[in-house]
Number of protein chains: 2
Amino acid sequence: MKAEIITIGDEILIGQIVDTNSAWMAEQLNLNGIEVYQVSSVHDDHKHILQALADAQQRADLVLITGGLGPTKDDITKKCLCEYFNCGMHTHQPSLQAITERLEKRGIALNQLNRDQALVPDSCTVLPNKNGTAPGMWFEKQDTIFVSMPGVPYEMTGIMEDEVFPRLRKSGKLKSIYHQTILVYGIGESTLSEMLENWENALPPFIKLAYLPNQLMVRLRLSAYGTNSDELKQTVDQQIGKLQELIPDHICGYNGDTLSEITGKLLTKASAMVAVAESCTGGNIAHLYTEVPGSSSYFKGGVVAYSNDVKMALLNVKAATLDAHGAVSQQTALEMVAGVKQALGSDYGIATTGIAGPDGGTSDKPVGTVWIAVSGKHTTRVECFRFHHNRSRNIERASQTALNMLRQLLLTEINEAAVRTK
Amino acid sequence: MKAEIITIGDEILIGQIVDTNSAWMAEQLNLNGIEVYQVSSVHDDHKHILQALADAQQRADLVLITGGLGPTKDDITKKCLCEYFNCGMHTHQPSLQAITERLEKRGIALNQLNRDQALVPDSCTVLPNKNGTAPGMWFEKQDTIFVSMPGVPYEMTGIMEDEVFPRLRKSGKLKSIYHQTILVYGIGESTLSEMLENWENALPPFIKLAYLPNQLMVRLRLSAYGTNSDELKQTVDQQIGKLQELIPDHICGYNGDTLSEITGKLLTKASAMVAVAESCTGGNIAHLYTEVPGSSSYFKGGVVAYSNDVKMALLNVKAATLDAHGAVSQQTALEMVAGVKQALGSDYGIATTGIAGPDGGTSDKPVGTVWIAVSGKHTTRVECFRFHHNRSRNIERASQTALNMLRQLLLTEINEAAVRTK
């Protein structure tokens, strides 16, 4: 089964929002064995929308449309759908009732614009929207299914999960796809590609390999297409086994694993807690930990020591250290990591201090200079990095690098502990 | 001038990455007066890429293509471009030299895959890529310009800024567009639309209005299209002036302003510093502050008090309070905000404590229950919210709500101070 995604609305085309909806839908469709052929973002423009619907119908069995269902003038999707499916509109009573109840709960009186949200094209099946006022709509035309949904992310995801996927599963048309992504740290794309050449050439023809490099690592994605999902899974997992033998030290995780999750698992294995002392990363490392459910079992907390006062008062950094070496120094990073372990009573600690930019750099310590310290049960490591990028990339890079330093330290200490107990 | 964006690669279509490149390009094109007609994401597939190029050529004067220029097997963009422009490939010596120097600096030996990155289609003009090994390429065919760039975000932005925009400006074809977005807090979309009906109907025909609601506010975007950029700016600014008279208390900012920036400006106005005590938001509020350049002049730092130990040790929350009322309570939030102001020596404080989920909820305090306290020079406010969403949305919603509470408190205290000095 092939799908296309059409997002309607000027927000994406003028760059005001990033299209996270399509990423979510594409991921979910693939996980459900539906290949996404194209994603198109088109204007709130009558002719353009009709053209996009016609183009998609030629190529796809399923067309998911988001956006343009709001109550205001610039929302024209429903009118276009009526024209495309050659029908009129009527008020859908259950939707009108749901809208009325929804607004009543919030103490808002129903106006004509709210009432118009219950108007639906005659030829659609209404898909209830439990998270908002605009209902979803399901159409069928010459073997192609069209689904129109609001562009508000949690309204769209609700309709997809509650209505669209259950209906597709019932239809029995779904094909199998199996993806696995291997996260490889410490080898560049070209070198890795040479190292894996024989393995890659020997992959079965129904498995596709993609290299997805980013700043910190290369992700290798294996995609298998077929009909027997058990067989696909087994073959891909066998290939991953071979890869583990080829580059054992460089695989740091799989699929959507993040370094906060990977270190979280290692901390759990070591029955240890971590705390963070952040200057230049400004709370980002704490945020990366705490966005993971259950992180309270290994993440104790942190101090965002954005001013020197705070470094001294809460992390016990000495005034003499700051005077002699400055806030961005090896000595300060070491005192910060010792201080945060002490103050928060944790087994492991991370400390960052640096110049995120765009201002504050000197010839000696240019923008992008970051000292990172990690400390464990027996070992403390400290290193200086020069990232040279813009502020947000420096923050992200410093955060990821710090987490990776902790990962390496944890691996060392866990292995040492294993050797000692042997 | 009309543009289209084509992104090539499976990553977007399987939902592995979010397409931030297109958002950036669309924003920059619009700021430069180029309307974006469509954004399409297509597979690493030969036939599909050629079709997308042909479709875009029919509709646009400028086609920006990203992705598929890496050194590995799955990168087929260059082959497709050669076929589309009916030409062969040759090694571009300056690119080969740049690649060699780049790798030498990093101590990496040149291999065949690296060398192949200097191969370019015969009919293109090469656009140097200072941030990576794959050069950009500029083609012209029957009045349409095609530009192919790598998909790595900072490589693409470098080529756009250094090469593409300067060349387009030289061509003199650019039309004027002027956008302004007004951030409206505290009125729902339907109510706002009724309040603004007369103003909206009286807008000049060359100004387009869009309502862009999100969870916390409605953004109103005015877009003016024409030839005289001074006139467009003047007319839009006049309309914003009228809007300021219609809903004076609800406009909290403009364009990309964030609540951390808005409160940062108010803190600067009040010559005050803020500190944050975060439990359920886990460092996210500190991160929102510190990602803004220059925030060290009003953001002092914070404590991520993820465990009760940390709340007691660093924020002076009493054990008796935690025992009697629990960590998620009005009393704990109040002690946290007082504690963080005291410990960090700040004028203003924010504290959050809640249940982000998915676990940890009770019938009494379900997932999404969050207590937020803000405290200033004279006043402390505390409020309980029930967000009922998933973890990441609860964190984001709690962070934004806390910042908005601080904004309101700052406005009150700044106004009071102004009254006192009169």
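Begin by selecting Pro358(B), which in this predicted model lies in the loop of chain B that runs between β15 (348–354) and β16 (369–375).

Staying in chain A, select residues 77–84, which form helix α4, a mostly covered element in which six of the eight residues are buried. The buried residues are Thr77(A), Lys78(A), Cys80(A), Leu81(A), Cys82(A) and Tyr84(A). Just after this helix, Asn86(A) takes a positive phi of about 55 degrees.

Return to chain B for two further backbone stops. Asp143(B), in the loop between β7 (136–141) and β8 (144–149), has a positive phi near 70 degrees although it is not a glycine, and its relative accessibility of 72% counts as exposed. Next select Asn255(B), placed in the loop between β12 (251–254) and α11 (259–269), where phi, again positive in a residue other than glycine, is near 50 degrees; Asn255(B) is partly exposed, with a relative accessible area of 32%.

Finish with the cysteines, bearing in mind that the structure holds zero disulfides over all chains. Cys280(B) has as its nearest cysteine sulfur that of Cys384(B), 11 Å away, and is in no disulfide. Cys280(B) counts as buried because its relative accessibility is 6%, and in chain A, Cys252(A) is buried with a relative accessible area of 9%.

Technical notes. Residues numbered from 1 in each chain as written. Chains lettered and ligands numbered in written order. Predicted model: local features only at pLDDT ≥ 70, side-chain atom pairs only at ≥ 80, totals over all residues. Heavy atoms only, no water. Buried < 20%, exposed > 50% of the residue type's maximum accessible area, 1.4 Å probe, protein only. Helix = DSSP H or I, 4+ residues; strand = E, 2+ residues; numbered from the N terminus. Disulfide = S-S within 2.5 Å.
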